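Subject: Structure handover

Hello,

Here is the structure for you to look over. My notes follow below it.

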Amino acid sequence: MHVEKRCMKCQALMELKLRRVVYMNHMEIDHVPIYSCSQCENNQLVEYVKEDLKKLLHEIGQMHTFEGCISFACHSPFSDLLLRLSQQSYASIDDLLDLYLLALSLKDRMWVAEIERELAERVNCK
Ligand SMILES: [Zn+2]
């Protein structure tokens, strides 16, 4: 599944990816969904997960001794969904429907159209 946006800096396509980010030089947070530009170094956090990430960083800030890596998927339903989709070559209809509702709520028309196309293909195959 490809979800793409245009880069604000260079207008190239940006791709949705799950990235590992380093926080405070010693904490790693895995599976953070970001848009990554294929041409320049522009990375953009997916707006939808900002609140979840803020909450997680706040929790981490209170764990003074914690070091290592945690998965953002345990703290964000959206990240969890993307992670599951990325791990299977074929998304289940349930996952697609979840994603569809999410895309609708984000009012992301390109994404909605893409999922509709994928759902239609599934229906035609059966
Ligand atoms: Zn760019």
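A nonpolar core here means a set of buried Ala, Val, Leu, Ile, Met, Phe, Trp, Tyr and Cys residues joined through C-beta atoms within 7 Å. A residue is buried if 20 or more other C-beta atoms lie within 10 Å of its own. Keep in mind that this is a predicted model.

The core comes first. The largest nonpolar core has nine residues: Met14, Ile29, Val32, Tyr35, Cys37, Val46, Val49, Leu53 and Phe72. Strand S3 gives the largest share of this core, four residues. In soluble globular proteins, nonpolar side chains tend to be buried together.

Next, the helix. H1 covers residues 50-62, 13 residues in all. From first C-alpha to last, H1 reaches 19 Å. That is close to the 18 Å expected at 1.5 Å a residue. H1 is hardly covered. Among its 13 residues, the count of buried ones is one.

Then two backbone points. Gln11 is not a glycine, yet its phi is positive, about 70 degrees. Gln11 sits in the loop between strand S1 (4-6) and strand S2 (13-23). His31 is not a glycine either, and its phi is positive at about 65 degrees. His31 lies in strand S3, residues 27-37.

Which of these counts as buried, and which is exposed? Gln11 has 11 other C-beta atoms within 10 Å, so Gln11 is exposed. His31 has 21 C-beta neighbours inside 10 Å, so His31 counts as buried.

Best wishes

Notes: Residues are numbered from 1 along each chain as its sequence is written. This is a predicted model: local features need pLDDT of at least 70, side-chain atom pairs count only at pLDDT 80 or more; totals for chains, interfaces and linings use all residues. The expected span of a helix is 1.5 Å times one less than its number of residues. A residue is buried if 20 or more other C-beta atoms lie within 10 Å of its own, exposed if 12 or fewer, and partly exposed in between; C-beta atoms are placed from the backbone.
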